[in-house]
Amino acid sequence: TRSRHLTGHAVDVAALVDARRGQVYARLFAAGAPLGEAQALSLQEAAQRIADLGPAVSLIGNGATVLTEAFPDLAFSQRDDRVAPAPQALARLTADRDPVSNPPRPLYLRAPDATPPSRLPGQSRQTAA
């Protein structure tokens with residue numbers, strides 16, 4: 001069966017976080033199961049993937065506002081802009097996890113903006129040959 005919202009209507013979920021620069025970090029779910037990994041998507045691509053889910057999709061996260069402002073005709077069942085989980089929910093999820101065997105890991109969804117320097121401080125610049 002498909003996941004159900006409080007109203008009892010079957011919904012799919014698009015979890016969206018504003019990634020700036022015309023992108024959202026997105027993870028889509030159908031019937032409570034993820035449809036692939038989280039990704040950095042352009043607003044256009046996110047809108048298309050949500051449209052592909054159908055009209056009963058529920059948008060959550062602060063990226064929902066960004067997306068619906070960019071695409072006001074986007075069909076969805078409802079929107080919840082709150083992106084942070086409740087501290088109590090996080091505590092329940094982590095209470096039984098051993099930090100030694102389950103250490104936190106970063107999740108990078110796009111390449112970094114900064115790059116390592118091409119030369120060390122005090123080192124002269126390379127001249128073109």
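In the model, which is predicted, helix H1 (residues 43-53) and helix H2 (residues 63-70) pack at an angle of about 90 degrees, their axes lying 10 Å apart; axes here are lines fitted to C-alpha atoms, for helices over the stretch in contact, and angles run from 0 to 180 degrees between N-to-C directions. H1 is therefore roughly perpendicular to H2, a term that covers angles of 65 to 115 degrees. On the H1 side the contact (heavy atoms within 4.5 Å) is made by Leu43, Ala46, Ala47 and Ile50, and on the H2 side by Val66, Leu67 and Ala70. The residues of this contact comprise 7 nonpolar, no polar and no charged, where Ala, Val, Leu, Ile, Met, Phe, Trp, Tyr, Cys and Pro count as nonpolar, Asp, Glu, Lys and Arg as charged, and the others, Gly among them, as polar.

Residues are numbered from 1 along each chain as its sequence is written. Local features need pLDDT of at least 70 and side-chain atom pairs count only at pLDDT 80 or more, whereas totals for chains, interfaces and linings use all residues, and side-chain values use heavy atoms, with hydrogens and water left out.

The protein chain contains 3 helices and 6 strands, which follow one another from the N terminus in the order β-β-β-β-α-β-α-β-α; helices (H or I, at least four residues) and strands (E, at least two) are DSSP runs, numbered from the N terminus. Of the 129 residues in the protein chain, 20% are buried, with buried meaning under 20% relative accessible area, exposed over 50%, and partly exposed in between (1.4 Å probe, protein chains only). Among contacts with a separation of 6 or more, 38% are between residues 24 or more positions apart.

Leucine 67, leaving aside its neighbours within four places in sequence, is in contact with Leu16, Leu43, Ala46, Ala47, Ile50 and Leu74. In H2, the residues Gly63, Ala64, Thr65, Leu67 and Thr68 are buried, and the buried residues of this helix pack against E1, E2, H1, E5 and strand E6 (78-80).

The structure holds 2 salt bridges, each defined as a side-chain nitrogen of Lys or Arg within 4 Å of a carboxyl oxygen of Asp or Glu. One of them joins glutamate 45 to arginine 49, with the closest N and O atoms 2.7 Å apart; both residues lie in helix H1, 4 residues apart, about one turn of the helix. Glutamate 45 is partly exposed at 34% relative accessibility, and arginine 49 is likewise partly exposed, at 28%. Aspartate 18 forms a salt bridge with arginine 20, the closest N and O atoms being 2.6 Å apart.

Arginine 20 is placed in strand E1 and has a positive phi of about 65 degrees although it is not a glycine; its relative accessibility of 58% counts as exposed. Arginine 21, found in the loop between E1 and E2, also has a positive phi, near 55 degrees, and is exposed at 55% relative accessibility.

Technical notes. Angles under 35 degrees count as roughly parallel, over 145 as roughly antiparallel, 65 to 115 as roughly perpendicular and the rest as oblique.
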